[in-house]
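Please look through the following note with the sequence and the model open beside it.

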Amino acid sequence: MTLDAVKAAALLFLVVVVQVSIVSAYHQLGGSADLVLVTLLALALLRGSIFGAVAGFAAGFLIDSAHLSTLGVTSLLLTVGGFLIGRYGETTARDRFHAPFTSVGIVTILYAVGTLVLRFVLGDPAPLGRAVTELPAVFVWNLVLTMPVYAVCRRLFPPIDPGHRVHDVRLIGVSQSAPSGGGS
C-alpha cells in the first residue's frame with residue numbers, strides 16, 4: 001500500500017504541475033479540461049474511498065498553493081469528490097465500462113456547483129455566468145480525457161484482487177436470513 005501511495009503522490013504532483021502550467025491555459029470550446037479531477041476520480045475508483053479522500057486533499061492543497069488562492073476550497077471539494085467516487089467504486093463493480101464516465105460526469109457538475117457555493121459563502125467572487133458558460137466545455141473535455149487517464153491509472157494501479165467483484169452491498173446490523181413465514 002505504501003508503494004501505491006508513493007506512486008499516487010508522484011502522479012498527482014505531475015498532474016497538478018501539468019494542469020497549472022499547460023492545461024489551464026488551453027481554452028477550446030469555451031473551457032479547459034480538469035486533468036487533476038479526472039486523475040483523482042480514476043485513482044479513487046480503483047483504490048477506494050479513504051485513498052481517494054487523502055489523494056483529493058493533497059491534490060487540492062497543491063492546486064490552492066500553486067494558484068495562491070484561498071487554501072482549503074479546492075482541497076475540500078476534491079476530498080469529498082474522491083471519497084464519494086471511491087465509495088462508489090467500493091460498492092459497485094469497478095470494472096464496469098460506464099463507471100469512470102459516470103463518475104467524471106457527475107463529479108464535474110458537482111465540483112462546479114460546489115465551487116460556486118463555497119466561493120459565495122466565503123465572500124469571494126463567484127461569477128455564475130462564467131461558470132455556466134464554461135461548464136459544457138469542461139464537461140466534454142473531462143469525458144474525452146476519462147478513458148486515456150483511466151487506462152494509465154489502471155496500468156499503474158492494477159486491481160488488488162482481479163477476481164473479486166462486488167455483487168451486493170450488505171447492511172451492517174441487518175440480518176441476512178429470510179424472514180420465516182408463520183404457517184399455512
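1. In helix 6, the buried residues are A137, V138, N142, T146, V149, Y150 and C153. Buried here means under 20% relative accessible area, exposed means over 50%, and partly exposed lies in between (1.4 Å probe, protein chains only). The cover over these residues includes helix 1, helix 2 and helix 5. Helices (H or I, at least four residues) and strands (E, at least two) are DSSP runs, numbered from the N terminus.

2. This is a predicted model, in which local features need pLDDT of at least 70 and side-chain atom pairs count only at pLDDT 80 or more, while totals for chains, interfaces and linings use all residues. Residues are numbered from 1 along each chain as its sequence is written, and side-chain values use heavy atoms, with hydrogens and water left out.

3. Helix 6 also bends by about 40° at T146, with a proline, P148, following within four residues. The bend at a residue is the angle between axes fitted to the seven residues ending there and the seven starting there.

4. Which residues touch the most other members of the largest nonpolar core? They are V36, L43, L78 and C153, in a core of 35 residues. Such a core is a set of buried Ala, Val, Leu, Ile, Met, Phe, Trp, Tyr and Cys residues joined through side-chain atoms within 4.5 Å. Helix 2 gives the most to this core, with 11 residues.

5. Apart from neighbours within four places in sequence, L43 is in contact (heavy atoms within 4.5 Å) with A8, L11, L12, G48, F51, C153 and F157.

6. The loop between helix 5 and helix 6 contains A126. A126 is partly exposed, having a relative accessible area of 27%. With neighbours within four places in sequence set aside, A126 is in contact with L116, R119 and F120. Its C-alpha atom is separated by 8.1 Å from that of T115, 11 residues apart along the chain.

7. The lining of the largest pocket has 31 residues, and Y111, T115, R119, R130 and E134 lie nearest the pocket's centre. A pocket is found on a 1 Å grid over the protein atoms alone, as an open set of points where a 1.4 Å probe fits, with protein on both sides within 12 Å along at least five of seven lines; lining residues have an atom within 4 Å of a point.

8. Over the whole protein there are 6 helices and 0 strands. Of its 184 residues, 36% count as buried.
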